[in-house]
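Thanks for coming, everyone. Please have a look at the model on the screen while I talk.

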Amino acid sequence: MKKLFVLFYALMCLVTLQAQKVTLQDVANGTYRAQSIQGLKPMLDGEHYTQISKDHKRIVKYSFKTGKEVATIFDVATARNHKLKNFDDYIMSPDESLILIQTETKPIYRRSFTAVYYIYNVRNRTLDLCQTTVRSRFLCSHPTVTRLRLCATTTSTLSNCFSVTANRR
């Protein structure tokens, strides 16, 4: 029995010695990097998530169960009041009735950027321009969720806050 165990142990050591050697080049190239999903934002119902389409023209709702497209929440072609070609990012309000759309993003330094923002009302499909450009974004909401607060931040503290009232018609 001991001979069988020693033989098995020796065989396992031999197999591991012949395994692929890890080089610095492989690590730098990302050969061993874990795969991830970018831009997945879960919805309140727990059964769906949203993502930006590949052409950056739509916010698409998908099912967690099937992974298939369920609906289009925002489309630049059907948004009223403004004509957009595409957008860069979005943030949904806590009740998912308003969407803050980020366009024309221009990097400044590391994570700082300037952008033009729009507020999209999901119910009546209207797009309203926020009349300001900020360095970074932070989304807060009023308790009745009729107001989104967008704050410019340079550190972890909030400063230069301004409020944008979104009309719910």
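First, the ground rules. This is a predicted model, so local features need pLDDT of at least 70, side-chain atom pairs count only at pLDDT 80 or more, and totals for chains, interfaces and linings use all residues. Residues are numbered from 1 along each chain as its sequence is written, and side-chain values use heavy atoms, with hydrogens and water left out.

Now the overall picture. The protein has two helices and eleven strands. Both terms refer to DSSP runs, numbered from the N terminus: helices are H or I with at least four residues, strands are E with at least two. The order from the N terminus is α-α-β-β-β-β-β-β-β-β-β-β-β.

How much of the protein is buried? Of its 169 residues, 31% count as buried. Buried means under 20% relative accessible area, exposed means over 50%, and partly exposed is in between, with a 1.4 Å probe and protein chains only. The accessible surface comes to about 12,100 Å². Carbon and sulfur atoms hold 55% of that surface. Those areas come from the Shrake-Rupley method with a 1.4 Å probe; for residues, only the protein chains shown count as cover.

Next, contacts, meaning heavy atoms within 4.5 Å. Take the contacts with a separation of 6 or more: 32% of them join residues 24 or more positions apart.

On to the strands. Let's begin with β2, residues 48-52. Four of its five residues are buried, so β2 is mostly covered. β2 pairs with β1, residues 41-42, in the antiparallel sense over two bridges. To pair, two strands need at least two bridges found by DSSP. Pro42 stands opposite Tyr49 in β2. These two strands form a hairpin with five residues between them. In that turn, Gly46 has a positive phi of about 75°.

β2 also pairs with β3, again in the antiparallel sense, over five bridges. Here His48 stands opposite Ser63 in β3. This hairpin has five residues between the strands as well.

His56 sits in the loop between β2 and β3, which spans residues 58-63. Its relative accessibility is 32%, so His56 counts as partly exposed.

Arg125 counts as partly exposed because its relative accessibility is 37%. Asn124 is in the loop between β7 and β8 too. Is Asn124 buried or exposed? At 14% relative accessibility, Asn124 counts as buried. The side chains of Asn124 and Thr126 are joined by a polar contact of 2.8 Å. A polar contact is a pair of N or O atoms within 3.5 Å; within protein, one must be able to donate a hydrogen and the other to accept it, and residues adjacent in sequence count only if both atoms are side-chain atoms.

Last stop: Tyr32, in the loop between α2 (24-29) and β1. With 43% relative accessibility, Tyr32 counts as partly exposed.
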